[in-house]
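Opening the notebook on this chain. I'll jot down what I looked up, in the order I got curious.

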Amino acid sequence: MKSLLALAAALVLAAPAAQAQSFSFAAGLEPEVTGATGGGAVFVTFDVTAQTLLLDTIWFGLSGGTTVSHIHCCTAVPGTGTVGVAVTPGTLPGFPTGTTFGRYEVTLDLTRTTTFTGGFLAANGGTPASASAALLAGISNGRAYFNVHSSTFPAGEIRGFLQPVPEPATWGLMALGLAAVGVAARRAKA
């Protein structure tokens, strides 16, 4: 029994180290302004080791055709407000325009200055490394949002504030650890 507890504890303690290289975030995309009709979702993976940002999004029901899309960061208050664009200048590379529904996936290289807007770079140390660190901090703290703009709402039709998503492995390790603690507690009472 003690070996089961030791194994569970080791696995639970190792989980943060195993997950520390990659962070997952998600958001539901909802109308940003009165009259907007769209919806969707976005999933983001921030790989610290590779210095990449994977974006995978789907949108539907927009009131006008897509024009641009990007990540804004960092608002003063988590989950609310507006702020300038952080990633990427103009629009995400290859983002489809003129559609009211679609799916888009891209992996951005966070070691390139062209991944960030000039204003975001300047406000966050002037290097891709410092901008990347600021972006991760902003996303992790709920102060960054993914935005899709349309021809009907050029300032933005749908958006969602990115929130951390625990990795499935983390949930599994936590469940194993809790199960082991539960078994130990029951045996201690017996």
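Predicted model: local features only at pLDDT ≥ 70, side-chain atom pairs only at ≥ 80, totals over all residues.

**Entry 1: strand pairing.** I started at Ala26, whose bridge partner in E9 is Gln163. E1 and strand E9 (residues 163-164) pair in the antiparallel sense, over two bridges. For the record, I count two strands as paired if DSSP finds at least two bridges between them. Ala26 also has a partner in E2, namely Phe43. Strand E1 (residues 22-31) and strand E2 (residues 39-47) run antiparallel and are joined by eight bridges. I then looked up Pro31 and found its bridge partner in E8 to be Ile158. E1 and strand E8 (residues 158-161) are antiparallel too, with two bridges.

**Entry 2: ground rules.** Residues are numbered from 1 along each chain as its sequence is written, and side-chain values use heavy atoms, with hydrogens and water left out.

**Entry 3: the overall layout.** I get four helices and nine strands in the chain. Both are DSSP runs numbered from the N terminus: helices are H or I with at least four residues, strands are E with at least two. Read from the N terminus, the order is α-β-β-β-β-β-β-α-α-β-β-β-α. The chain has 190 residues, and 37% of them count as buried. My cut-offs are under 20% relative accessible area for buried, over 50% for exposed, and partly exposed in between (1.4 Å probe, protein chains only). I also checked contacts, meaning heavy atoms within 4.5 Å. Of the contacts with a separation of 6 or more, 64% are between residues 24 or more positions apart. The accessible surface is about 9,200 Å², and carbon and sulfur atoms own 66% of that. The areas come from the Shrake-Rupley method with a 1.4 Å probe, and for residues only the protein chains shown count as cover.

**Entry 4: charges.** How many salt bridges does a search of the whole structure find? It finds two, where a salt bridge is a side-chain nitrogen of Lys or Arg within 4 Å of a carboxyl oxygen of Asp or Glu. One is Arg103 with Asp56, closest N and O atoms 2.8 Å apart. That pair links distant parts of the chain: Arg103 sits in strand E6 (residues 102-109) and Asp56 in strand E3, 47 residues apart. Glu105 also meets Arg103 in a salt bridge, at 3.0 Å, N to O. Shared partners join Asp56, Arg103 and Glu105 into one network. Arg103 is exposed at 53% relative accessible area, Glu105 is partly exposed at 43%, and Asp56 is partly exposed at 23%.

**Entry 5: sulfur.** I count one disulfide, taking it as a pair of cysteine sulfur atoms within 2.5 Å. The bond joins Cys73 to Cys74, S to S 2.1 Å. The torsion about the S-S bond of Cys73 and Cys74 is about 70°, so I log the disulfide as right-handed. Buried or exposed, what is Cys73? Cys73 is buried, at 5% relative accessible area, whereas Cys74 is partly exposed at 22%.

**Entry 6: a greasy spot.** Ile58, Phe60 and Phe101 make a nonpolar surface patch of about 340 Å². Patch residues have over 30% relative accessible area and no salt bridge; like charges are joined within 9 Å, nonpolar side chains (Val, Leu, Ile, Met, Phe, Trp, Tyr) within 5 Å. Phe60 lies in strand E3 (residues 52-60) and is partly exposed at 47%.
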